[in-house]
Amino acid sequence: EIIDKFVKEQKTALREYAAQHGTDKHRDQLVGDEDSFVRTNVAKYGNDDHRDKLVGDGNVNVRAAVAESGNKRHHDILVNDPENDVKVQVAIHGNHSHRQKLLDNPDDSGSILREIAKHGNDKQKENLLIMNILELEVM
């Protein structure tokens, strides 16, 4: 099969293609790829075993892809990630307890809070409204 050859290709774009369109067998070979774009595709299109290996990846985009496509176990880990881009994905794709943890420790940019406002439960949305009112009173 042609994708078998793409996995071993020097060209990153072909390995990315294999990660996206290949099988889990192909992704097994690519999960440790040197290129973060390839690993990001493995996180997006692979299975939970692949994401288990990538949840602690050194690249923020790979971890964000794990948060986007991952399960509760991945979100439990990534809710504490130092990077806001990763926590934004947890706010979008995680559950209400993940959003509550993020709400209890808001980031400075507000991007996480915006996603909680979109995806949170009614109590979380009410808390955000109260936080905004208190913030306006301080100004």
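Val62 is found in helix α6, which covers residues 60-69, and in this predicted model the residue is buried, with a relative accessible area of 0%. Because a residue counts as buried when its relative accessible area is under 20%, the value of 0% places Val62 in that class. Leaving aside residues up to four places away in sequence, Val62 touches Ser36, Arg39, Thr40, Ala43, Leu54 and Asp57. One of these neighbours, Arg39, lies 23 residues from Val62 along the chain, and the C-alpha atoms of the two are separated by 6.3 Å.

**The chain as a whole**

The chain contains eleven helices and zero strands, so that, read from the N terminus on, its elements run α-α-α-α-α-α-α-α-α-α-α. With a radius of gyration of 18 Å, well over the 14 Å that the globule rule gives for 139 residues, the chain is more spread out than a compact globule. The C-alpha trace spans about 65 × 25 × 20 Å along its principal axes. Of the 139 residues in the chain, 43% are buried. Among the contacts in the chain with a separation of 6 or more, 21% are between residues 24 or more positions apart.

**Two helix pairs**

Two packed helices are described by the angle between their axes and the distance between the axes. Both values are set out below for two pairs in this chain.

| Helix pair | Angle between axes | Distance between axes |
|---|---|---|
| α2 (residues 12-21) and α4 (residues 36-45) | about 10° | 8 Å |
| α8 (residues 84-93) and α9 (residues 96-104) | about 140° | 8 Å |

Helices α2 and α4 pack at an angle of about 10°, and since angles under 35 degrees count as roughly parallel, α2 is roughly parallel to α4. On the α2 side the contact is made by Thr12, Arg15, Glu16, Ala19 and Gln20, and on the α4 side by Phe37, Val38, Asn41, Val42 and Tyr45. The residues of this contact of α2 with α4 divide into five nonpolar, three polar and two charged.

Helices α8 and α9, in turn, pack at an angle of about 140°, and they are therefore oblique to each other. Their crossing is left-handed. Helix α8 contributes Lys87, Val90, Ala91 and Ile92 to the contact, while helix α9 contributes His98, Arg99 and Leu102. In the contact of α8 with α9, the residues divide into four nonpolar, one polar and two charged.

Notes: Residues numbered from 1 in each chain as written. Predicted model: local features only at pLDDT ≥ 70, side-chain atom pairs only at ≥ 80, totals over all residues. Heavy atoms only, no water. Axes fitted to C-alpha atoms, helices over the stretch in contact; angles between N-to-C directions. Helix = DSSP H or I, 4+ residues; strand = E, 2+ residues; numbered from the N terminus. Parallel < 35°, antiparallel > 145°, perpendicular 65-115°, else oblique. Left-handed = near helix turned anticlockwise from the far one by under 90°. Contact = heavy atoms within 4.5 Å. Nonpolar A, V, L, I, M, F, W, Y, C, P; charged D, E, K, R; others polar. Rg over C-alpha atoms; globule rule 2.2 N^0.38 Å. Buried < 20%, exposed > 50% of the residue type's maximum accessible area, 1.4 Å probe, protein only.
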